Amino acid sequence: MDKIINLSRRRGFVFQSSEIYGAPGGCWDYGPLGVLLKNNVKQAWWQSMVQERDDVVGVDASILMNPKVWEASGHVGGFSDPMQDCLSCKMRWRPGDFEGAVCPSCGGKLTEPRQFNLMFKTFMGPVEDSAAVVYLRPETAQGIFVNFENVLNTTRKKLPFGIAQMGKSFRNEITTGNFIFRSREFEQMELEYFVKPGTDEEWHAHWLKARLEWYTNLGMKKENLQMRAHCKDELAHYAKACSDIQYLFPMGWSELEGIANRQDFDLKQHSQYSGKNLEYFDEETKEHFTPYVIEPSAGVDRSVLAFLLDAYTEEPDKDETRTVLKLHPRLAPYKAAVLPLSKKEPLANLSKEIYASLRKAWMVTYDEAQSIGRRYRRQDEIGTPYCITVDFDSLNDRMVTVRERDSMKQDRIPIEEIKAYLFPRLKGEGK
C-alpha cells in the first residue's frame, strides 16, 4: 500500500484534503491524473450499466433530501456502528478491526461497544433547530427509490428494469484508514434493478456474474477477486440474500462491491411513510404488486484503489527496475504521450500538430523534458498505454514510432494512421 500512496502523491493521483492546513482524517482530493482515472472508472461503469443496456436508465438525485426519507429507510433509527473507546488514549475503534481485548494503539482498557450513528447532520435555512435538521445522504440508493414513480411514468419502462446513479455519499466513519478504502466522503455507483417477485433469485444470479466480469474485463486479475455470500446472521433485516465481490487488498480480502436482494422493503417503506402508492401495475396480468429489487452497489474510490493496486508492477529492465501501471487502456488517465526528440523547430511544430489532433479524440499528454528513456519511464509509471516518438526522420518520411507500454514493442507508422492504429487498441481490442 505504501508504494501506491507514494506514487499517488508524487504523480498527482491522490492528495490529502486541505493538506496545507493539516488534513482531516478520511478525506482525500484527486489530483490531475487521479480525476482522469476516477472519471474513466465511472464512465466504464455507466457504459456497462446504462449505455449498453436498454433496460436501465439513470438519475442524479439531490444530496440533501427530506429527512423523512432517512426515517423511512431506517437510517435515522438504525444506521450505526458499534464502537469502543480507549480509556487511556481516547482513540475510538470498531470491533472487528483489531484483535484482542485492549486498545491496539496503546494497550489501554476499552469500554464496552456502544452504537454511534454514522450520518452527518446539518441544518437547512437560517434557524438551527430540530425542524431544520437535514442529513448528508449516507448512500445514493434512496434517491432512486423515491424517484421510482417519476421514472416509471416518464420512461414507460416495463419490468424488469433498472435505475442507475453515481454520486457522493457521506458517512461519519469513526475509524478511517487504508488510504482511500474507507473515507468519510466517497462516491458510489449503484443500480436498483426492479423485478417481479419470483424472478428475483434468477436476476440476483445474473448480476453476480455480470458485475464480477466487469472487473476482469477491465484487466483486474481473476486470482485477486472472489465472491463471498453473506451468512444468514450477517444479512440486513430486509435482505433475502447478499454477496460481496472481494478484492485481495494489502490488508486482506475486503469488500469491493455488494450485490443484494433487497426484496420489496424499500418501496413499501416509502409508500408507508409518504402515503404514495409505489406499486407496479402489470398490464399483461392486470396485477398490482411491489417489485423486488436487486442492488449492485460499488464504491468508486475502492474501485480506483483496487485498479491501481492490481496494475502496479515492478519488473527488471537492464540494470534498473521499471515501475509500470498496467492499467487497462480504457482506464488509463492519458491514452498516449507525444514525445519529440527535440524542443526545437521544426520538430516541435510537427509534434504539437500531432498532439493537437489527438487531443480531439482522447486525453493525451505532451512531454519534452529530459531524455527519451526517462520520458518512457515517466509515462510507464502513470500508466500511459502508448508513447508516440517524433524524430528527425519524421520531417521527411511523415512516420512516427509508437511504443506500447507493457511489451515495450515499437511500430513505425505514418502520421496519418495514428488514430486508426490507436482506436481499437485503446478499446482493448487489439495489439
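Ser254 touches Phe181, Ile245, Gln246, Tyr247 and Phe249, leaving out residues up to four places away in sequence; a contact here is heavy atoms within 4.5 Å. Ser254 sits in strand E13, and at 14% relative accessibility it counts as buried. The cut-offs are simple: buried is under 20% relative accessible area, exposed is over 50%, and partly exposed is in between (1.4 Å probe, protein chains only). Helices (H or I, at least four residues) and strands (E, at least two) are DSSP runs, numbered from the N terminus.

A word on the model itself. It is a predicted one, so to speak of local features takes a pLDDT of at least 70 and side-chain atom pairs count only at pLDDT 80 or more, while totals for chains, interfaces and linings use all residues. Residues are numbered from 1 along each chain as its sequence is written, and side-chain values use heavy atoms, with hydrogens and water left out.

Zooming out, the protein chain has 13 helices and 23 strands, and its C-alpha trace spans about 75 × 65 × 50 Å along the principal axes. Of its 431 residues, 50% are buried. Among contacts with a separation of 6 or more, 64% are between residues 24 or more positions apart. The chain exposes about 21200 Å², with carbon and sulfur atoms supplying 49% of that; these areas come from the Shrake-Rupley method with a 1.4 Å probe, and for residues only the protein chains shown count as cover. As for charge, the mean positions of the 58 positive and 62 negative charges lie 4 Å apart. Lys and Arg count as positive and Asp and Glu as negative, with His and the chain ends not counted, and each charge is placed at NZ of Lys, CZ of Arg, CG of Asp or CD of Glu.

The largest nonpolar core holds 51 residues, and Trp214, Tyr215 and Phe307 touch the most other members. A nonpolar core is a set of buried Ala, Val, Leu, Ile, Met, Phe, Trp, Tyr and Cys residues joined through side-chain atoms within 4.5 Å. Elements giving two or more residues to this core include helix H2 (32-51), helix H7 (200-217), strand E13 (252-263) and helix H9 (300-311). Trp214 touches Val41, Ala44, Trp45, Ser48, Met189 and Phe307, again not counting residues up to four places away in sequence. There is also a second, separate core of 22 residues, with Ala348, Val390, Val400 and Val402 among them.

Val402 also turns up in strand pairing, where its bridge partner in E23 is Asp411. Strands E22 (residues 399-404) and E23 (residues 410-414) run antiparallel and are joined by five bridges; two strands pair if DSSP finds at least two bridges between them. They form a hairpin with five residues between them, and Met408 in the turn has a positive phi of about 65°.

Strand E19 (residues 336-340) is largely enclosed by the rest of the structure, because five of its five residues are buried. In a regular strand, side chains alternate between the two faces of the sheet. Both faces of E19 are covered, with Ala336, Val338 and Pro340 buried on one side and Ala337 and Leu339 on the other. E19 pairs with strand E20 (residues 364-366) in the parallel sense over three bridges, and Val338 stands opposite Tyr366.

Ile5, by contrast, is partly exposed at 29% relative accessible area, and lies in helix H1.
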